[in-house]
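Here's a quick tour of a protein model, going from the overall fold down to one helix. Have a look at the picture before reading on.

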Amino acid sequence: MPDNQERGADVLVIGAGVAGLACATDLSGAGLSVRVLEASDAVGGRMRTDRYEGFLLDRGFQVFNTSYPQVKRRLNLRALRLRPFTPGALVHTDHGRLRFTDPTRRPRDAAALLPGRLAGGRDLLALALLTARDMLGPVGGLKRREDRTTLTALADAGISPDLVETFFRPFLSGVFLEEELETSSRFFHLVWRSMLRGSLCLPAAGIGAVPAQLADRLPPGTVSTRTPVRSLTDSGVLADDGTHWEAGTVVVATGPRAAAELLPGLDIPDTRTVTTYYHAAPAAPLREPTILVDARRRFLNTCVISEVVPSSAPAGRALVSTSVLGPDRPGREAALRTDLADAYGADTGGWEPLATYTVEDALPAMLPPWPLSRPTRFAPGRYVCGDHRATGSVQGALASGARAAREVLAETARPGAVF
């Protein structure tokens, strides 16, 4: 058990996901003493990477977007050794495989957007106008737009039901983790802008390298892992092992359900659940680092991760990641391999199941009108942050952590405020 001095801090942050780490970094940088208490054995929250028999397995399918403002502010991208996905996606349809591409980045694939392939001329014009407005217009304009569903926004932009069903619904289902396109249109426009202006990548060491780099910026000894918190007290928090950690200010940076247990009365959104299956294949069924989605929506997306990050699989084997909505259930993996055989046009009978990750609370259900940011102050000396307080993204989590730090500093700067 730590001694009394070690158990005291100006601020305790519960949770070492990226929101908690961002909050702790900003508070520490402002001169406050901070301790981060993490229930798991390492930092990262939902952004963790496991090593298994020579494979690198992110805990759920992950992409890392380089255009997020908080990412550019906080992270050394070069040190992450980022490996890019192909700009765009492939869509498996009953009539063959279609490619959606960004012709400004891959001119050699521009023919895929000729009228009559992915879409007709009117749809391509509507798509070009939507893309230009989102990419080139001021971000403030996107944030001030009337918030509706994504499906409504696409229709109002002139996108036909055919293109919605062929591309947008299967592609965005994997982004929003829902198939009805009921997610906030403001969030859709911001995501679309971020994809156009940045690159979708993976760190060479797996997505866990991102929170690990954030944690490395903190003073040594700031993070205490394997320290689950049972409850908040009048003067700090009580850990599961009976240790009392003292602080006048506590920031809860957990997922929404855990936050509500620690802060009774906290309003939390519904959330989305996703399951990711990893398979080892004797050879890559698709020899490019491209996300493949399914127009029949038998799965959200699939990708040969070892084509993105070659070091994610041992020599002579390929690593395939496939995600589906909802939890795992008996027989689902076997049925999925049959669907993947059709989608990839490959024999999946010899694929080895490596791991299955079900991620509850993977994203908040961002139904309109969805606030892009919410205050983090819950009560005097009590704060809450995370993507469920902003948007379901790395940007949202980091920005919420930053907002919590600002609000903590604002309160502690008031006359008479004490820790």
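Among contacts in the protein between residues at least 6 apart in sequence, what percentage join residues at least 24 apart? The figure is 71%. Keep in mind that this is a predicted model.

## The whole protein

Let's start with the overall build. The protein has 13 helices and 21 strands. Its radius of gyration is 22 Å, close to the 22 Å that the globule rule gives for 419 residues, so the protein is as compact as a globular protein of that length. Line up a box with the principal axes, and the C-alpha atoms fill roughly 70 × 50 × 40 Å.

Of the 419 residues, 55% count as buried. The accessible surface of the protein comes to about 17700 Å², and carbon and sulfur atoms account for 51% of that.

## Helix 7, the bent one

Where does helix 7 bend? Look at Phe168: the bend there is about 45°, and a proline, Pro170, follows within four residues.

Both of those residues, Phe168 and Pro170, are buried. Other buried residues of helix 7 include Leu163, Val164, Phe167, Arg169, Phe171 and Phe176.

Conventions
Residues numbered from 1 in each chain as written. Predicted model: local features only at pLDDT ≥ 70, side-chain atom pairs only at ≥ 80, totals over all residues. Heavy atoms only, no water. Bend = angle between axes of the 7 residues up to and from the residue. Helix = DSSP H or I, 4+ residues; strand = E, 2+ residues; numbered from the N terminus. Buried < 20%, exposed > 50% of the residue type's maximum accessible area, 1.4 Å probe, protein only. Rg over C-alpha atoms; globule rule 2.2 N^0.38 Å. Contact = heavy atoms within 4.5 Å. Areas by Shrake-Rupley, 256 points an atom, 1.4 Å probe, with all protein chains shown as cover.
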